[in-house]
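Please look over the sequence and the structure before reading on.

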Amino acid sequence: MIQQYNEQQPIKTDLETSRTTLMPIFSSGENPISTTTTIPTSDRDDCSIFSDILSPVISSSSSYKMNLSIPSFPVIPAEGNKSIVFQNLKAKLSGSQADLAEVYQFLIPEFKIGTLDALVVISDELVKYDQFVESVAWKIVDILRILLNGDIDKICANLLVNDKTVDQYLKTFQWDIMKFRAEKSLQEIAEILNEEVSAIDTNMKAKLAHYNQVKGNLQALEKKQTGNLSVRNLADVVKKEHFVLDSEYLETLLVAVPRNHYKSWHSKFETLTQYVVPRSTQKIAEDDEYGLFNVTLFKRVSTDFANRCREEKFICRDFKYNEDEMANQRKEFEEVGATEKELWSALLRLANTNFGEVFSAWIHFKAMKVYVESVLRYGLPPDFMSATIKPKPKMDKRIREILNNQYGKLGGVLSRETQKDEAIEEYQNLIDKDYYPYVWFQIQFNVKKITS
């Protein structure tokens, strides 16, 4: 029993004891089948994944252990033959008589267990890691949404994991034994995964901040090129012949006049101040709201002239004709635009690559949770079969009924004989609030919710 485990001693599980405490009992001769319930949804596609993982553990007798998590992952007692157990589960849910779900085997290696104390600690840490990695995955999806203007098809096209869609990756998941060798401790593997995701998160934040800065600069420059003649940049509107240049006493001002004030402008501009050159105005350009006029006057009255224009609802533009400055402005606009496009492409590629890395890490954490929770809940040896279930639309309730009917006896001992066991109550926080005869985790990955 659990109270027999010393914090410094490796876990040793007596099978007979497990059957009366943590390990559910399946007494009939059939191979039990675990199913999973997912959140009902009408949209189930590569970008909308609802799943559970189930992992039951089998001992040499009729004890079973189950965990559920991701598209639908049932874990069933294997009794040394995982293939037969999986085929039975598949027949129950996706056979010719019951087309309720897609069922795939969810392969998890055997990890180093260590002490019970270490297992309890890693169980708590995996919850935090799981939440963190999921949040990073969604941050990357949000970056893709921004870069691709919310186009769901383009977003989904960039959500690839090992060159597979999210849906296909979950169906064909295999533990990456090259990167995360099972002979390492669970703590070491979790730390490696967490460090990789943390580094990706930091890098993505820096790249996004740089892109946003450049994009902000470009938008500020673009804003100057748009709008009406009272606010927009005039470098591409005026020409050299519209100005009196290189004069010691005279200068040319540009004034935006509302279209319904043209008559007023022509009748008043010469008398707004002294020293305005008569008949020196002409309309240079026009849009839906304003006409742009030039006017030549003595430099010493330019400030007074601008103030009087404001009183008459004419807008005197702050513009000096300088060919070098205008050329620099055009060059800056082109360079910032080119930089923004380059950073956009680089960030898109990085988001595409990093999403695959982060999502893969997330599912590896889920696999570890399935394994750890199974051992904590049902004891050793960890002999169980895990499967992925992706329910057909509106079939979640039916699948759950089949699983509960098939594995109801697995939860009977735990629900009856351990209610008063203080040692078990100590670990109640390790068990899902919604209790089933199997350990159950759920993944809801619906990209459409952020684009609606």
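Strands, like helices, are DSSP runs, and a strand has at least two residues; both kinds of element are numbered from the N terminus. The model described here is predicted.

## The chain as a whole

The protein chain contains 11 helices and 12 strands. Of its 452 residues, 51% count as buried. The accessible surface of the chain amounts to about 22,100 Å², and carbon and sulfur atoms account for 47% of that surface.

Contacts can also be sorted by separation along the sequence. Among those between residues at least 6 apart, 77% join residues at least 24 apart.

## Thr296 in strand β9

Strand β9 covers residues 290-298, and Thr296 is part of this strand. Thr296 has a relative accessible area of 9%, and it is therefore buried, the cut-off being under 20%.

With neighbours within four places in sequence left aside, Thr296 is in contact with Val244, Leu250, Glu251, Thr252, Val276, Val277 and Ser280. For one of these residues, Thr252, a polar contact is found: the side chains of Thr296 and Thr252 meet at 3.3 Å.

## Helix α9

Helix α9 is formed by residues 323-378, 56 residues in total. From its first C-alpha to its last, α9 reaches 80 Å, close to the 82 Å expected at 1.5 Å a residue.

Both ends of this helix can be described. At its start, a side-chain oxygen of Asn322 comes to within 3.1 Å of the backbone nitrogen of Asp324. After α9 comes Gly379, which has a positive phi, near 85 degrees.

## Nonpolar cores

The largest nonpolar core has 68 residues, and the members touching the most others are Phe111, Leu159, Phe355, Phe359, Met368 and Phe445. Two or more residues are given to this core by each of α3 (116-147), α5 (166-171), α6 (186-225), α9 and β12 (439-446). The greatest contribution is that of α9, with 20 residues.

## Asp130 in helix α3

Helix α3 also holds Asp130. Is this residue, Asp130, buried or exposed? With a relative accessible area of 6%, Asp130 is buried, because this value falls under the 20% cut-off.

Conventions
Residues numbered from 1 in each chain as written. Predicted model: local features only at pLDDT ≥ 70, side-chain atom pairs only at ≥ 80, totals over all residues. Heavy atoms only, no water. Helix = DSSP H or I, 4+ residues; strand = E, 2+ residues; numbered from the N terminus. Expected span 1.5 Å × (residues − 1). Polar contact = N/O pair within 3.5 Å; in protein donor to acceptor, adjacent residues only side chain to side chain. Buried < 20%, exposed > 50% of the residue type's maximum accessible area, 1.4 Å probe, protein only. Contact = heavy atoms within 4.5 Å. Core = buried A, V, L, I, M, F, W, Y, C linked by side-chain atoms within 4.5 Å. Areas by Shrake-Rupley, 256 points an atom, 1.4 Å probe, with all protein chains shown as cover.
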